[in-house]
Amino acid sequence: MAREFQRGHKAKVSDLTSGTDLYVGVQIAGPGLTFDISCFGLDADEQLSDDRYFIFFNQPKSPEESIQLLGAQAGDTESFRVTLDRIPANIHKLSFTATLDGAGQMSQVGPGYIRIVAGGEEVVKYAFTGSEFTTERAVMLGDFYLKDVWRFAAVGQGFDGGLDALLKNFGGEVAEEAPAAPSQDAPPAFAPPSQASAPPAFGAPAAPQAPQPAPAFGAPSAPAPAPQQPPVHAAPTIAAPMAPQAPAPYGQPPQQPQFGQIPGQGAPPAAPPYGQQPPAAPPYGQQPPVPFGQQPPGLPHGVPQGVPAAGAGLQAALQPYKEAATGQRWTSRNQQLMRVDLTMGGMPVLARQGSMVMYQGKVDFGYKGAGFAGRMVGNATGQEMQLMRCTGRGQVFLAEEGAHLHPIELQGDGICVSAENVLAFDESLQYEVRRIEGHGIPGGALFTMQFQGTGTVVVKTHGVPVVLPVTPTTFADCNAVVAWSSASQVIVSSQVRLRRNAYPGHSGETVNLQFRGAPGNFVVVQPYEV
């Protein structure tokens with residue numbers, strides 16, 4: 001039975017099917033609307049570094065045919081064949097998208113879906129409707145992505161702009177269409193499934209098809225033909241560059257060039273008055289000084305000084321900071337700013353009170369109380385978190401005092417984080433106060449927050465942290481440690497001695513934490529002491 005995915009749901013492909021030769025079908029339609037359905041093969045930086053892995057109507061297959069465009073069949077508007085074990089190592093994500101060709105908006109589409117069929121059985125299906133979008137002209141439907149193993153994610157993320165804008169977002173270039181030799185190899189014509197849930201008959205002999213024209217997107221433009229050189233004897237001989245001669249003042253005859261002066265060039269500079277030195281030439285590579293209030297030579301009138309000749313303007317200045325869709329629920333916009341898309345995953349987010357700096361969409365912020373018992377535990381352990389609950393449909397941007405933010409995705413495992421270093425986390429995660437026993441420290445114990453389950457927790461640090469593997473000789477200052485894997489064994493190592501207390505001036509490093517555990521455990525330390 002096929003699994004019904006919601007937006008933001010993810011799963012390992014091996015949990016869905018044991019096969020790697022998959023059929024991907026997309027169904028999307030709307031009254032009077034035309035769609036281009038494509039697949040982007042992206043590298044580890046989620047960029048289209050190789051244009052041959054942009055699979056669309058004009059380039060129906062990848063070089064090794066691990067991704068093939070099959071066309072409309074079995075009730076699907078468009079379909080693909082994806083052979084995961086043949087995808088090259090430089091491709092880390094396959095993003096399936098639908099863009100409008102012509103006028104219209106994604107809010108006008110009817111019910112649609114993206115589905116995966118393996119071995120004649122539909123194994124997963126993500127359905128969507130136009131009510132989930134507004135004025136977008138493109139939508140990222142689903143992704144195959146490589147994270148130690150191949151996984152599938154239902155994305156459903158709208159995108160402003162059409163196919164060209166989506167291509168540029170992935171780092172591709174839109175080239176002008178140029179005639180080129182048609183491809184000789186036609187894509188294999190697989191027999192369509194007998195019913196909507198059946199996969200294509202992979203391995204069927206290819207039927208002859210018309211040759212496909214060469215791809216236009218991302219292809220380098222054809223080199224321009226070299227201009228014809230005139231015969232040597234027919235070319236004019238130029239002794240010096242010609243410059244337009246400045247007109248003479250009104251009412252005065254034009255000045256004739258002096259002896260040795262090339263027509264069109266200005267007169268030589270006048271000699272300085274007697275007893276004065278001529279002005280010194282500027283250093284090599286620098287422009288001569290310009291009198292106050294005058295425009296530098298060669299600069300158009302009205303352009304302020306200091307502005308570069310190319311790339312000027314407000315749009316060029318703001319381009320590096322523009323917001324762009326990523327198709328992920330949690331996105332680091334920069335080191336100090338985190339964005340969470342509440343429309344993906346369908347679950348609320350718990351964030352530190354006052355950490356919201358901006359949001360878009362219909363988002364509600366409510367107080368998240370810990371209850372009487374939670375307040376008592378928080379006050380007694382110092383692990384109390386003042387939280388707000390973010391719900392709705394939109395994007396929320398979070399930050400706090402310029403701290404560095406790090407999203408950590410948990411998939412059934414756990415992590416221990418001090419409450420002081422937690423900015424936000426998915427409500428699906430379970431969290432509790434964990435006690436670290438120890439002697440020789442005030443109160444007799446240390447405390448931390450332990451998060452477990454499936455979801456993301458955002459950790460904040462002062463500066464760039466360092467992650468160390470846990471070994472028997474790994475120690476960290478309890479005031480500088482940020483987080484560690486919950487499977488690690490933590491022991492309090494105290495250097496307090498009565499003899500040292502009798503004398504002033506000890507090192508100040510009195511309480512450390514020693515970490516032990518199996519290979520794979522880690523500890524995160526920041527370059528700052530609380």
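**Figure 1. Leu-94 can be followed in detail: leaving out residues up to four places away in sequence, Leu-94 touches Cys-39, Phe-40, Gly-41, Ile-67, Val-82, Ile-87, Gly-142, Asp-143 and Phe-144. An open sheet of six strands.** The strand order in this sheet is E2-E12-E11-E8-E4-E5, and the pairing is antiparallel. Strand E2 (10-12) and strand E5 (54-55) are the edge strands, each pairing on one side only. Strands of a sheet pair through backbone hydrogen bonds, which can be arranged in a parallel or an antiparallel way. At one end of the order, strand E4 (residues 35-42) and E5 run antiparallel and are joined by two bridges. Cys-39 has Ile-55 of E5 as its bridge partner.

**Figure 2. Strand E15 and its two partners, E17 and E19.** Strand E15 (residues 349-352) runs antiparallel to strand E17 (residues 387-398), and four bridges join them. E15 also pairs with E19 in the antiparallel sense, over three bridges. Which residues are the bridge partners of Leu-350? In E17 the partner is Arg-389, and in E19 the partner is Phe-425.

**Figure 3. Asn-421, a buried loop residue.** Asn-421 lies in the loop between strand E18 (404-417) and strand E19 (422-426). Is Asn-421 buried or exposed? Asn-421 counts as buried because its relative accessibility is 4%, and the cut-off for buried is under 20%. Apart from neighbours within four places in sequence, Asn-421 is in contact with Val-458, Val-459, Lys-460, Val-481, Val-482 and Gln-526.

Figure 4. Cys-390 has a relative accessible area of 1%, so Cys-390 is buried. Cys-416 is at 0% relative accessibility and also counts as buried. The structure holds zero disulfides.

Figure 5. The average pLDDT of the protein chain is 75, and 65% of the residues score at least 70. Over residues 230-244 the pLDDT stays under 50, and the model has five contacts for this stretch beyond four places in sequence. Residues 496-507 also have a pLDDT below 50, with four contacts in the model beyond near neighbours in sequence. Where pLDDT is low, the predicted coordinates should not be read in detail.

**Figure 6. The whole chain, for reference.** The protein chain has five helices and 27 strands. Of its 530 residues, 39% count as buried. Among contacts with a separation of 6 or more, 70% are between residues 24 or more positions apart. The protein chain exposes about 30,000 Å², and carbon and sulfur atoms supply 56% of this area.

Note on methods: Residues are numbered from 1 along each chain as its sequence is written. This is a predicted model: local features need pLDDT of at least 70, side-chain atom pairs count only at pLDDT 80 or more; totals for chains, interfaces and linings use all residues. Side-chain values use heavy atoms; hydrogens and water are left out. Buried means under 20% relative accessible area, exposed over 50%, partly exposed in between (1.4 Å probe, protein chains only). Contact means heavy atoms within 4.5 Å. Two strands pair if DSSP finds at least two bridges between them. Accessible areas come from the Shrake-Rupley method with a 1.4 Å probe; for residues, only the protein chains shown count as cover. A disulfide is a pair of cysteine sulfur atoms within 2.5 Å. pLDDT is the predictor's confidence in each residue, from 0 to 100.
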